[in-house]
There are 2 protein chains.
Amino acid sequence: MRQLFEVASTCPETRARAGILHTAHGSLKTPVFMPVGTQATVKTLTPHDLKDINADMILANTYQLYLRPGLDIIQKLGGLHKFMAWNGPILTDSGGFQVLSLGHLRQINNDGALFRSHIDGSEHFLSPELAIEAQEILGADIIMVLDECPPYGERKAYIKKAMERSHLWAQRCRQRHNKENQHLFAIVHGGTFIELRKQSVEFLTSLDFPGYAIGGLSLGEPKDLTYSTLEATTHLLPDDKPRYLMGVGSPEDLVECVAHGVDMFDSALPTRLARNGALFTYNKRCNIRNSRFKDDERPVDSTCDCYTCRTFSAAYLHHLFKCEELLAYRLATIHNLRFIVRLMNEIRCTIIDGRFPQFREDFLSNYQPADAEVREEQKKKWLDARSNKHIAE
Amino acid sequence: MRQLFEVASTCPETRARAGILHTAHGSLKTPVFMPVGTQATVKTLTPHDLKDINADMILANTYQLYLRPGLDIIQKLGGLHKFMAWNGPILTDSGGFQVLSLGHLRQINNDGALFRSHIDGSEHFLSPELAIEAQEILGADIIMVLDECPPYGERKAYIKKAMERSHLWAQRCRQRHNKENQHLFAIVHGGTFIELRKQSVEFLTSLDFPGYAIGGLSLGEPKDLTYSTLEATTHLLPDDKPRYLMGVGSPEDLVECVAHGVDMFDSALPTRLARNGALFTYNKRCNIRNSRFKDDERPVDSTCDCYTCRTFSAAYLHHLFKCEELLAYRLATIHNLRFIVRLMNEIRCTIIDGRFPQFREDFLSNYQPADAEVREEQKKKWLDARSNKHIAE
């Protein structure tokens, strides 16, 4: 079988690299951002829209699909690709993260996790072997080991224990996994403790996985700590394997984490922000509900080539959001995802051309991240909005 | 200026006819069904989707757009076509119907209607002249006179009074109207009283409008009464002018009302049903939430050529509806509208080929309308769902 990953070009100053990922459903260029299609749909979009945006690879959630529609249904319908009519590459997570964050965890031990469904309260047990079997049925191109992801701020002893359990599970997943056209990635843990990260990398690389994810970051810790932990971790990972940072997706984080050597990203942030009316532009994200857009004839971002910006004024989007029209969420999602896809393309081009350090500097000095206070407020709004299923994710 | 309407073919047995409507934004074939784009968007769809469905002409609501975003905004943005990026024909209603059904009517007299906005309670006054001015600003290809549309079941004296006021308003609209590229249609009233309908047709045709709508039907009266009133009314209308039946859109009604000589239709029914998971098929409408679809690999309608049926299984749609995923509403809307567009095409072809009477018979004997009880229940559900803005309209 063809090798999963090749590095095409590396930045001489930073650790950024441009690569190619070869999967059973096509090859794609890295660094890559994967839109999140939790329930076998990237919210509001068809596969046609995703192709139009040039999204290369998407992520789906094993936990959600296991509970609804159920693996038997997806199996009968010919697997996840066919079920959702997406013939490009897919990555599925193992379900571990959602069991702990969404499910009502009853018990966790070395055997696995006993939890109640967040949908109907039914009881389920997830073991490393079952996580692999579930992902085999779904049929994604890249699948993940089962892991226990503790929240940020836990004591070191707890983080260590969870890490060791994740190691045990990773080993069992590795043993259970045998489908040649699916690549199983390990997940490095250890919270923000560099010593633990080192242990985790050592253990997991000794098992020789085709790719390594970095879990347990972007969970509310300060950004500096994310970056420093990430840097220390990627330094230890093999250069010839893809590195996947889970749950990261803000423009500034993408640029910065590529500089630390990350090849793959996923996050619900760009799509969730879109449904909340927060749209990316080259220098900041803006709130389309703001009254300054009510008669703005220009597109949201005049430098953008997405369907939304090519077709509609900011005033029209403002109107749709004010009216809570369903089309609003879709047009905003198209724009935000296209923004991220273009950003990743630009990052890649500048790595290849040797301009990445300058690009990184320029981007980060121009782009004004939502400040901590705004982010806190948005997080609160999001939590409040969870009762409104259309917006939350 | 080119004549608005030509009759291309008539059915020798029924009163059905195939025609062509020439507007400033293109010509289209009749009989035509116009999807409803209340707030400058056919809910969930882009103009691109509408073209893909082959929708020829859409309807937008003056009342809604007057209140939000406001006529000044749409004027500044270059008119409704440009605002919503739809370059095909548009018809706007006058706002009269919504003032009475949605707005909080304060007072109505021969001058016009004083009402409160259903959005913010602000007070507004709508006169025949203002209705025309508003529609001139919107810039639709066909515009409507202001009318007073009383509910079904009112006393004859009340219906007569409203009709006479509508006549007065129609005359004033006619006087005020002067844009050559906009065609102003009259609206025939008189409830289910044939004598009043006759008076209304006589009065309005004496003013010589380019087209005639039939208002005040499909307001909850029994279907037989709809059909008999319609038949009596269309018999009186001139043959060389288009006839537009307002608010009708179920498959069986479309076939039957074409047989009575109607050329144009609009209704929110197909799109609203879609958002509720009720999908048209050749022999009935089905509820995609029904568990019999949960593992159905076939498309919702295997005879359908829409994007939804070409791309997805009924099981996938069932899953999206169960999860309340936004994509569900869009895929269902695409299907229901495409079903209606294909039905209208087929009606037209059979009129031209001389097969319409047979087609009508076959269709009506195969197609099982939602029975009165189901319809009542759906109406109740719809009323309940009005708090959920995404579904109601």
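Trainee: Which residues in helix 9 of chain A meet which residues in helix 10 of chain A?

Mentor: A:Lys223, A:Tyr227 and A:Leu230 of helix 9 meet A:Glu252, A:Asp253, A:Glu256 and A:Cys257 of helix 10, all in chain A. Contact means heavy atoms within 4.5 Å, and helices are DSSP runs of H or I with at least four residues, numbered from the N terminus. These contact residues divide into three nonpolar, no polar and four charged; Tyr, Leu and Cys count as nonpolar, and Asp, Glu and Lys as charged.

Mentor: A word on the source: this is a predicted model, where local features need pLDDT of at least 70 and side-chain atom pairs count only at pLDDT 80 or more, while totals for chains, interfaces and linings use all residues. Residues are numbered from 1 along each chain, chains are lettered from A and ligands numbered from 1 in the order written, and side-chain values use heavy atoms, without hydrogens and water.

Trainee: At what angle do helix 9 and helix 10 of chain A pack?

Mentor: Two packed helices are described by the angle between their axes and the distance between the axes. Here helix 9 (residues 223–236) and helix 10 (residues 251–259) of chain A pack at about 25°, with axes 10 Å apart. That makes helix 9 of chain A roughly parallel to helix 10 of chain A, as angles under 35 degrees count. Axes are lines fitted to C-alpha atoms over the stretch in contact, and angles run from 0 to 180 degrees between N-to-C directions.

Trainee: What is the strand order of the open sheet in chain B?

Mentor: The order is 1-2-3, with antiparallel pairing; strands pair if DSSP finds at least two bridges between them, and a strand is an E run of at least two residues.

Key
Angles under 35 degrees count as roughly parallel, over 145 as roughly antiparallel, 65 to 115 as roughly perpendicular and the rest as oblique.
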